[in-house]
Amino acid sequence: MYCKFELHSNITRLKEIYTLIMISESKSKAKSTKYFRCNSCIMRHFRLKIGYLLFMFFWLFGFINLFSQTSRRTHYASESIVWQKTVGTVLGEPLWKTRDAYDAGHFLMIPLHHAFITADSVAIYEFAKFFKNMGRSELPEGQLNQVQIIYLSSQYITLKKRYGYQLNTSDIFLIKRILKFINIKWFLDVAFQWDQLPFFGLKNRLEFALENVLVKDETSYNRAVTDYELFFFAIASDISFITKNSSLLEVNDVEILKNINLYLIRILNSRGIFTEYGGWVFQKGYWRDHSSYKYSGHLVLKENLSIFKVENISEDSSHAHRWPLWISSYYHADSNNENLLDKIYNAFSTQFVTKIGVKNQNGVLMNNFVDGHNGLYRYKYTTTGSGISLGYGPYNLSGTLGIAWYCFLDGTEEFYKLYENSYPLNNEILKLYVGPNTTRVRNKLFKSPEFFTNGFAELIAQQASEISSANKLNNQ
């Protein structure tokens, strides 16, 4: 996409060319009084005329491009009052702190991508200020909080490179800081493991997970690859893409990133399943013993339910919404495995269209699990409400659509157009979206049900719909 910044810089360069031509001509005139009849002088005048013609051609080309851009898009998201009261407001806050980091990594991803896709210079500038401040601030507590907000920042720099923006000193500093984070987490930092002492270094934890042999009394999820680790792979992939053909990496950094990618491909090959209907499911059955999944066999939410597991249950559709951008990050960093990653992307697109997304007469919903199962999720979980709201009943994970990254999949245009047009939400859909809600303390702009009624979710729905209508893996 030809952005306004690039047009501005091109026009500036044309002005510089014109100035040089004028200086050259004045010198030529001064000389020509003395050497008017010499051949070199005639050639000099000829070159100047050609210079004039070239200048006029490029000036006209730039003007036509500028006109086509303004005629194609006359309104930018950042110009709306809703954007300024929501995205614009939260970008002025220190969202990298512990309370907000997890949510910020989700809620701001679509607005971030939309800013670059539409060349919204004001929005890009506001994100730039945010990441400049974040780059020199302390990371939040909690590993998952850290990777959520770091992935948002690595995506920001990835988008800058993809859309041809110059990386500045703040970006370079952030890249180097993320590289340090990758090194420490991969080799040194404590890596959590259920039911035993933690490992030192994520690499050692993944080696244990990939042994893939459950011992007696070991839970089904004991060797599961977690969303924290998949975020880590996506961040490392982004850094590989950003630093490709640059001098930012030392030899050791290159080898570490290659090694991390090898583990990623091993995991995708061993844990991903291509289904008979053309879909793709990750770690089928691995979470059946986890407290979030123990009651997934029940289809009605009520008091005093007994444990009812689904042996081959897939992951829930809420956590799985990150896959579209994770796959994109993996794909753009690894030219050696493009065919595999492209196949996964297309299959997961099919998975969403056929098993996850549900069209309703009042709007759109999601089944609770990636394989299309719609049983209970997180029954009596610590962060769900009390009383009648004992967990997530059928379709109760649909509220994730407010921030979900499924719009980056192929074939989602119709679904997201229906979602965009469902606002304002009717009471039935709103109730399903909010579900039992969460007891976590949140930023006021991230709280439900207000998020779905104050224009923030509707803004993201509009942006997601626009993204879905133009999105393909190799365009991300």
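Among contacts between residues at least 6 apart in sequence, what percentage join residues at least 24 apart? In this protein the figure is 73%, where a contact means heavy atoms within 4.5 Å.

Before the details, a word on the basis. This is a predicted model, in which local features need pLDDT of at least 70 and side-chain atom pairs count only at pLDDT 80 or more, while totals for chains, interfaces and linings use all residues. Residues are numbered from 1 along each chain as its sequence is written, and side-chain values use heavy atoms, with hydrogens and water left out.

Start with the overall picture. The protein has 18 helices and six strands; these are DSSP runs, helices being H or I of at least four residues and strands E of at least two, numbered from the N terminus. There are 476 residues, and 53% of them count as buried, meaning under 20% relative accessible area with a 1.4 Å probe and protein chains only.

Now two serines. Ser154 sits in helix α8, residues 143-162. Because its relative accessibility is 0%, Ser154 counts as buried. Its side chain reaches the backbone oxygen of Tyr151 at 3.0 Å, and a polar contact of 2.8 Å joins it to the side chain of Asp238. A polar contact here is a pair of N or O atoms within 3.5 Å; within protein, one must be able to donate a hydrogen and the other to accept it, and residues adjacent in sequence count only if both atoms are side-chain atoms. Leaving out residues up to four places away in sequence, Ser154 touches Ile178, Ile235, Asp238 and Ile242.

Ser237 belongs to helix α11, residues 227-242. It has 5% relative accessibility and therefore counts as buried. Beyond its neighbours within four places in sequence, Ser237 is in contact with Leu264, Ser329, Tyr330 and Ala333. From Ser237 to Ile260 is 23 residues in sequence and 8.8 Å in space, C-alpha to C-alpha.

Next, helix α10, residues 202-210. Its buried residues include Leu202, Arg205, Leu206 and Phe208. Among the elements that cover the buried residues of α10 are α9, β1, β2, α11 and α12.

Last, the empty space. Rolling a probe the size of a water molecule over the atoms shows where such space is left. On a 1 Å grid over the protein atoms alone, a cavity is a set of points where a 1.4 Å probe fits but cannot get out; a pocket is an open set with protein on both sides within 12 Å along at least five of seven lines; lining residues have an atom within 4 Å of a point.

How many cavities of 30 Å³ or more does a search of the whole structure find? One. The largest cavity has a volume of about 40 Å³. Its lining consists of Phe131, Lys132, Gly135, Arg136, Ser170, Phe173 and Leu174. Helices α7 and α9 are the elements that give two or more residues to that lining.

The second largest pocket holds about 450 Å³. Of its 21 lining residues, Ser240, Val254, Leu257, Lys258 and Ala333 lie nearest its centre. The elements giving two or more residues to this lining are α11 and α12, and α12 gives the most, with seven.

Notes. Points joined across faces, edges and corners; volume = space filled by probe spheres on them. Buried < 20%, exposed > 50% of the residue type's maximum accessible area, 1.4 Å probe, protein only.
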